[in-house]
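This report covers a structure through its cores, strands, helices and some backbone details. Sequence and coordinates are shown first.

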Amino acid sequence: MVVPVRPRFTTDPLGSPQGLSSVELRARRQALQLSQAGLAGVLGVSANTVARWERGEMRMRNAFNVHLALTRVESEAAAHAFRQDVVRHNLPAHLPALIGREDELRELSRRLLDMESGLLTLIGAGGCGKTRLALQVAVDSKEAFPNGVWLVDFSSLSDANLVASGVAGVLGIHERSGERIVDTLIAALQPRRLLLLLDNCEHLVAAVAELSAGLLRGCPGVRILATSRERLRVDNEIAWSVPPLAYPDPNKRCDFEAVAQSPAVRLFVARAQAMQKDFALTKSNGGQVADICARLDGLPLAIELAAVRMRALGVNDLRDRLDQAFQLLVSHSRGLPDRQRTLQATLDWSHQLLTPAEQVLLRRLAVFGGGWTLDAAESVCGVPPIERAEVLDLLTALIDKSLVLPPGANAVARYRLLETIRQYSRRQLELAGEAPLVQRRHSAFYAHLVDAAAPHMQTAQQEDWIAQLVLELDNLRATLQWCEAEAGNTSDDTGLRVVDGLRDLWLNRGQHSEGRNWIERMLASSRGPASKLVARVLHWAAQFAMFQGDISQAERRVTQALRLSRKIGYTEFVAHALVTAGFLARTRGDLDAAISSLEEGLTQSRGLGDVDAKWRALQGLAQAYQERADVDRARSLTEEALAVARRRGDVWAIAHSLHLLGNLAETRGDLGMAAQFLESSLAEWRRIDADYGLHWLLVSLGRVALRRGDVQQARTCIRESLRLASTIGDHTALARCLDQVAGVAEVMGEPSLAMKLLAASDALRDVIRAPRQPPELPAYRQILDALHSRLGPQASMDASRAGRMMRSDDLIIAAEAVLTAPYTPAAARSAAPAVLLTPRQVEVLRLVARGMTNREIAAELVLSEKTVGHHLENIFERLGVNSRASATLVAACQGLATLDER
């Protein structure tokens, strides 16, 4: 992606630009890789208006607003240029044909791109096809959203507190310590142009509405397409009712062509042919098919369920059974609209066609959230009147009747119910009086799964177990909700067992908010006696509070855990609480208290053989002694920690210990050994495919590479770290990245830019209170001394002052330019001839370096804008770059231009 450079506008006394030419508008649009329709979506105008602007047929009366909108998008494009290789949507790869919605599709696509608000909600009864229509709108609108189209399905989420976390999980946005996940989302999405498709919002309306309102207020480039059975009631919401499919007029059913072209009939025929290949719509059966579609009110789900029966029934039989079902089975709720009562009748009818055993299994499957495996279905549902051995055959029968979605191509088959059918089946489960029994079995099954995973969470098998638990998160959440609801009726400890076992999952995935939320809720609802389990969960509560920066709450919880462990004689867990207390003391800056507590925890863990507490104590002590500059003691402790991690096969712990050994070797000045340790740590991080923590390792590796003179490796590592830090929202890592980019800039012959980047890092560290750590100080002092020597006192002060004032988007642009510009080692540069630019091209380049637009350069040099554009093309070609920022940096490194004038 080309990183655009914003043009500088001259303004009149009222602040309006002196015109934005059609040529400039087209150039800026093309640089952003937007179509005219895409730019129209950005600007909130029609594609025809953009086309007329670019042809010069219409004057831009609001040119300054257009410029501001383009500037915002250009800044976003520059800030996220390094993400150009990631997938830009998570929409299904294959969708069934959308039948009968051509007019609605065109209208919704137009409204989505033209609307000024930002929220378009598709509302309607269950089964009317909201999701399928929204998916097609999203697919057709992908090109208008350069940062992607992202589907968030809330159908299996029942906890309103997790709405924001669900969106963040889909987008790969990690929460920040001490910050609400909603605020993190807004900060991450503020510069982006993307579409969120929020599906199945009806049971979470208030929470989704609150999140949507916050995103739309704080993120001008975000558009939201939602599906719900009711409006979200957000300001300026466009609510669009999804109508049923049109079915033939009863007065025109003799017109076969009209019947055949009816959207409802077309859908029925397509689905019936999928069940019975030789089925065809004819003049003899057209009336019956039209009658079926009319009886079903044109609702797509009802039509599809009816068409499935064509495998066993003829059209006449189907129509007759449907008539009987409507006479006998109707909704008892008079408040529901007719179409919803019709869908209820259709589901009742479909349910009655099942065998008694199939009915039992279908209603029991409603207890699952987000899908299930065959083993889960057999364990939870396989009790009289159906047996475990019958479940597979019954499940296959339900798949054949389109009531259960078939498994995909994954290694372990997973099944799922459509949400409408799940809700219907859940009601049947309650009416049958089986809900308590099945929910209890469901919770027992998933608690057992967590128990089985727990012993492997710090071993070489951790990756496989975490992947399995991630697939079952919705079921695990359902288990915890049931435990909370049943807290007053039982002293069962299932909820505490589950959060105890999920602690490593939440930690390794950086899901601190969710982990802490569930842990505190299970502690609050626990009615059992004080126990070892309670002590452990109190300790996990302390850990998660510490990770979120809530030190006072963490200290309260760890004190409770320590007191309870000692009271009940849980000596093997006292060590864990002592270690966490040591980490908390170190966080407060009390190294004496930290070392004392960690040493006591280490002594206890050695005596008890607790390898988890032992590794944590060793690692914590090593970091404390590193801060005290006792490198030898820190290295000895870390080597022991690494040995502990390797004996148990804990890849996550191995990666951390290797990283610390690399930092310690760097502190000793042994850069070769530091590089070896850090490369080994990198291999372990890659092995578990983890981003959270990898960015810290890459910063260290880039710093060591730079100190060893390997500028290319340094730039590669720093660039990836910068991408991860920005994605995760880790400001401390971002500050470390800026230090290293400054080092690269200094090596590339840009001392002023390097000083600005260091000053920007200083400013960021002041805000987040993250001073440089011991491994960072030698490289920092070295580059600072070199810059002061090269620049002199006044220039150093001026550059530092300018750096502290740099905006975040300018920082990203500068960093990207440093990390991507062609680089020639200093020795080769001094020996190589200068790049052959003509004197005029050098003049143009120097004005570009000052931030001037083509128009301003043309005025300065008395040239036409077209000539300036040709000069720039030739300059880019000779320098081997594709942006103004990169061209300026390369030329500055070769002494042809300077950045100091900017």
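## Cores

Leaving aside residues up to four places away in sequence, L365 touches W372, A377, C381, L395, L398, V404 and L417, where contact means heavy atoms within 4.5 Å. The model is predicted: local features need pLDDT of at least 70, side-chain atom pairs count only at pLDDT 80 or more, and totals for chains, interfaces and linings use all residues. Residues are numbered from 1 along each chain as its sequence is written, and side-chain values use heavy atoms, with hydrogens and water left out.

L365 is one of the residues with the most contacts inside the largest nonpolar core, together with F154, L185, L196, L198 and W372. That core has 102 residues. Apart from it lies another core, of 49 residues, including L112, W240, L267 and A302. A nonpolar core here is a set of buried Ala, Val, Leu, Ile, Met, Phe, Trp, Tyr and Cys residues joined through side-chain atoms within 4.5 Å. Buried means under 20% relative accessible area, exposed means over 50%, and partly exposed lies in between (1.4 Å probe, protein chains only).

## Strands

Helices (H or I, at least four residues) and strands (E, at least two) are DSSP runs, numbered from the N terminus. Two strands pair if DSSP finds at least two bridges between them.

Strand β3 covers residues 194-199 and is mostly covered, with six of its six residues buried. L194, L196 and L198 point one way from β3, while L195, L197 and D199 point the other way. On one pairing, β3 and strand β2 (residues 149-153) run in the parallel sense over five bridges, and W150 stands opposite L196. On another, β3 is joined to β4 by five bridges, again parallel. In β4, the bridge partner of L196 is I224, and that of L197 is L225.

The chain gets from β3 to β4 through helix α9 (residues 205-218), and this β-α-β crossover is right-handed. The term applies if, with the strands pointing away from the viewer, the path from the first strand over the helix to the second runs clockwise.

Strand β4 (residues 222-228) is likewise mostly covered: seven of its seven residues are buried. V222, I224, A226 and S228 point one way, and R223, L225 and T227 the other. Strand β1 (residues 119-123) is also parallel to β4, with five bridges joining them; L122 stands opposite T227.

## Helices

Which helices does the buried side of α28 pack against? The buried residues of α28 pack against α27 (571-588) and α29 (611-627). Those residues are L591, A594, I595, S597, L598, G601, L602 and S605. Helix α28 (residues 591-608) has 18 residues, which at 1.5 Å a residue should span 26 Å; its end C-alpha atoms are 25 Å apart, which agrees. The expected span is 1.5 Å times one less than the number of residues. Just after α28, G609 takes a positive phi of about 75°.

S700 lies in helix α33 (residues 694-707). Not counting residues up to four places away in sequence, S700 touches H659, N663 and L678.

## Backbone details and accessibility

N200 is placed in the loop between β3 and α9, and R233 in the loop between β4 and β5 (238-241). A cis peptide bond joins P384 and P385, with omega about 15°. P385 lies in the loop between α17 (374-381) and α18 (391-400).

| Residue | Relative accessibility | Class |
|---|---|---|
| C381 | 0% | buried |
| S700 | 3% | buried |
| C483 | 12% | buried |
| N200 | 13% | buried |
| R233 | 59% | exposed |

A disulfide is a covalent bond between the sulfur atoms of two cysteines. Taking a disulfide as a pair of cysteine sulfur atoms within 2.5 Å, the count comes to zero.
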